[in-house]
Amino acid sequence: MPDPQLALTARVQEALTAAFGPSYAGTDPVIRPSQFADLQANVAMSLVKPLTAERGEKQNPRGIAQEIVAKLDRGDLIDKIEVSGPGFINLTLRDDWIAAQAQRVLTEPRLAVPETETPQRVVVEYSSPNVAKEMHVGHLRTTIVGDALARILGFLGHEVIKDNHVGDWGTPFGMLIEHLLDIGEEKAADDDSSVSDLTAFYQAAREKFDSDEKFADRARRRVVELQAGDPETLRLWQVLVDVSKRYFNTVYRRLGVTLTDDDIKGESFYNDLLAPTVQELEDKGIAVLSDGALCAFPPGFTGREGEPLPVIIRKSDGGYNYSTSDLATVRYRVDTEHVDRMIYVVGAPQALHFQMVFAVARMAGWLNDGVRAEHAQIGNVLGTDGKMLRTRAGGTVKLSELLDEAVERAGERFDAVEHQAEFDAATRDEIVEKVGIGAVKYADLSVALDSEYIFDIDRMTLFNGKTGPYLQYATVRIRSIFRKGGVDPETATDPIKIGHEAERALALKLLDFGAVVQQSGELSEPHRLAGYLFELAQAFTSFFENCPVLNAPDEETRGSRLALSAATLRTMTTGLDLLGIPVPERM
Ligand code: ARG
């Protein structure tokens with residue numbers, strides 16, 4: 001990988017071995033970005049103690065830094081070395097090394113990013129909306145973030161199992177099925193019926209359940225029949241599931257999310273596994289009766305008064321619940337899917353639920369050191385008033401309306417740019433759809449996934465700033481350079497040379513791509529990639545303003561700048577694709 005940090009780490013480790021002996025060969029040289037050079041090695045400070053002990057004489061970090069530098073081989077890699085402050089080693093890379101590595105990004109497959117040497121089987125669980133309910137902004141965010149994680153981990157060479165854990169089981173289905181029967185199921189097939197307006201459908205069922213005793217009785221009986229596997233009840237349940245799936249799929253297609261029906265493994269999938277899961281917990285003495293309910297008490301979880309907090313596994317009425325279902329899910333993923341890692345991309349409010357489920361799963365031995373389970377806690381999405389996003393009437397905001405609004409605002413901004421008049425209406429609409437959707441997706445991805453953020457359509461659709469449209473525009477602009485010059489970017493592979501400072505900064509930025517993707521996947525932090533692409537776009541903008549490409553002073557420089565532009569284009573399009581952000585051909 002053309003990663004400067006890795007290259008320098010290896011080089012400084014050689015120096016450490018040469019200076020202090022083979023026991024230091026594996027010491028982390030602590031290479032960090034620096035204001036004063038390309039990178040800085042901060043290892044000298046941490047060597048004071050061991051070297052003082054070894055030499056029986058007080059050592060100082062500056063002296064240690066000098067000893068390292070004396071053994072440091074610059075080779076084709078390092079240009080300048082300087083010891084500063086208490087013992088920082090400032091390192092400046094050679095221009096021709098940077099250029100050669102940027103060339104690799106341009107010409108090697110996968111932008112010279114190697115596949116992982118330790119591929120894992122990873123479940124990425126995301127989106128997970130509820131059947132017969134509208135998706136809300138929380139689901140929007142888990143969908144977008146989860147899809148980016150799945151793409152990134154796949155690119156790194158892991159085996160990714162995408163898993164849409166839809167809420168398609170449980171007590172609400174009694175009332176939903178009875179309500180479906182009341183309005184007539186043929187209506188369910190009709191897209192304009194009240195069934196396709198899921199919020200209204202759910203609310204109507206709920207109201208009847210709360211006000212009509214007879215209806216409530218029917219609903220309760222229906223739940224029992226559903227759980228007993230009554231064929232007619234299951235058929236009706238399937239009708240509801242199918243209407244919802246159609247709706248989920250329209251959202252996924254519009255967002256360009258890779259989830260399909262094959263990725264759905266909803267709560268109902270685990271229904272038959274609930275009893276054996278509970279049995280195993282009882283056999284292992286983990287589940288015990290408490291006030292008629294079967295509970296597990298994972299160590300370390302206590303309530304206000306210090307009393308142990310239960311995970312309820314079977315209610316006193318014999319019914320199973322959300323926790324039972326999640327325990328069966330963990331067990332299935334470990335025992336049957338044999339996963340190494342599971343990432344739950346789910347809202348932060350469910351943090352305690354997952355902590356306790358994971359704790360019980362550890363007690364049962366399903367989770368152990370060989371399996372990593374993590375809750376990627378998705379922060380709340382707020383309205384511009386800083387409160388939970390709601391409609392003016394206080395209801396849940398419909399996702400499709402939110403997306404329409406973003407696309408509309410993107411359109412206004414697009415139309416305000418003068419030269420856009422050259423696009424016909426259909427092309428314009430296509431571009432604007434990509435810009436609006438890209439704006440929403442980038443806004444979701446550019447902040448750390450666990451922080452709250454304000455869903456501000458005005459801000460996210462800006463063409464300038466840390467936004468999706470800015471990144472799309474930067475990419476399109478590179479394409480337009482090639483179009484104007486009549487050059488195919490695929491063939492722009494002339495040798496890259498570094499003359500101008502802005503060329504150097506851009507080339508150096510290109511080299512970080514692989515490490516950033518790796519960290520984004522390893523730490524489940526796609527915002528790192530989102531932030532990197534913004535910096536790359538900025539570096540390109542500055543290059544473009546300072547270094548004429550098509551009108552470069554000579555052929556060699558022109559070829560080099562075209563090659564640098566092509567490498568940037570490749571990195572931008574690959575990176576944006578990993579985030580699932582569409583890029584229009586022109587805009
Ligand atoms: N359906 C749930 C909701 O909308 C999310 C499911 C999360 N996943 C899980 N394994 N519990 O809140």
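## Helix H17

Helix H17 spans residues 468–485 and holds 18 residues. From first C-alpha to last it reaches 26 Å, close to the 26 Å expected at 1.5 Å a residue. The expected span is 1.5 Å times one less than the number of residues. Helices (H or I, at least four residues) and strands (E, at least two) are DSSP runs, numbered from the N terminus. After H17 comes Gly-486, with a positive phi near 65°.

Which residues of H17 are buried? They are Gly-468, Pro-469, Tyr-470, Leu-471, Gln-472, Ala-474, Thr-475, Ile-478 and Phe-482. A residue is buried if 20 or more other C-beta atoms lie within 10 Å of its own, exposed if 12 or fewer, and partly exposed in between; C-beta atoms are placed from the backbone. An α-helix has 3.6 residues a turn, so residues three or four places apart point the same way. The cover over the buried residues of H17 includes helices H14 (399–415), H15 (425–446), H16 (457–460), H20 (526–546) and H21 (555–579).

## Model and confidence

This is a predicted model: local features need pLDDT of at least 70, side-chain atom pairs count only at pLDDT 80 or more, and totals for chains, interfaces and linings use all residues. Residues are numbered from 1 along each chain as its sequence is written.

Mean pLDDT (the predictor's confidence in each residue, from 0 to 100) is 94 for the protein. A value of 70 or more is reached by 98% of its residues. The model scores ipTM 0.98 and pTM 0.95.

## Overall build

The protein has 21 helices and 13 strands. Its C-alpha atoms fill a box of roughly 85 × 75 × 40 Å along the principal axes. Of its 587 residues, 42% count as buried. Take the contacts with a separation of 6 or more: 73% join residues 24 or more positions apart. Two residues are in contact if their C-beta atoms, placed from the backbone, lie within 7 Å.

## Domains

An automatic or database domain assignment sets the bounds. Domain 1 is 4–93, domain 2 is 121–167 + 266–382, domain 3 is 172–254 and domain 4 is 419–448 + 456–579.

The centres of domain 2 and domain 3, taken over C-alpha atoms, are 25 Å apart. Six residues of domain 2 contact 10 residues of domain 3. On the domain 2 side, four of the touching residues are nonpolar, none polar and two charged. Ala, Val, Leu, Ile, Met, Phe, Trp, Tyr, Cys and Pro count as nonpolar, Asp, Glu, Lys and Arg as charged, and the others, Gly among them, as polar.

## Record annotations

An unreviewed UniProt entry places a "DALR anticodon binding" domain at residues 471–587. That span is 69% helix and 0% strand, with its end C-alpha atoms 12 Å apart. The unreviewed entry also gives a short sequence motif, the 'HIGH' region, at residues 129–139. There the chain is 27% helix and 0% strand, and the end C-alpha atoms are 6 Å apart. UniProt positions follow the numbering used here, feature names are shortened, and annotations may be inferred rather than shown by experiment.

## Positive phi outside glycine

His-338 is not a glycine, yet its phi is positive, about 50°. It sits in the loop between helix H12 (322–335) and strand E10 (341–347). Is His-338 buried or exposed? His-338 counts as exposed because it has 9 C-beta neighbours inside 10 Å.

Ser-524 is not a glycine either, and its positive phi is about 55°. Its loop runs between helix H19 (513–522) and H20. Ser-524 counts as buried because it has 23 C-beta neighbours inside 10 Å.
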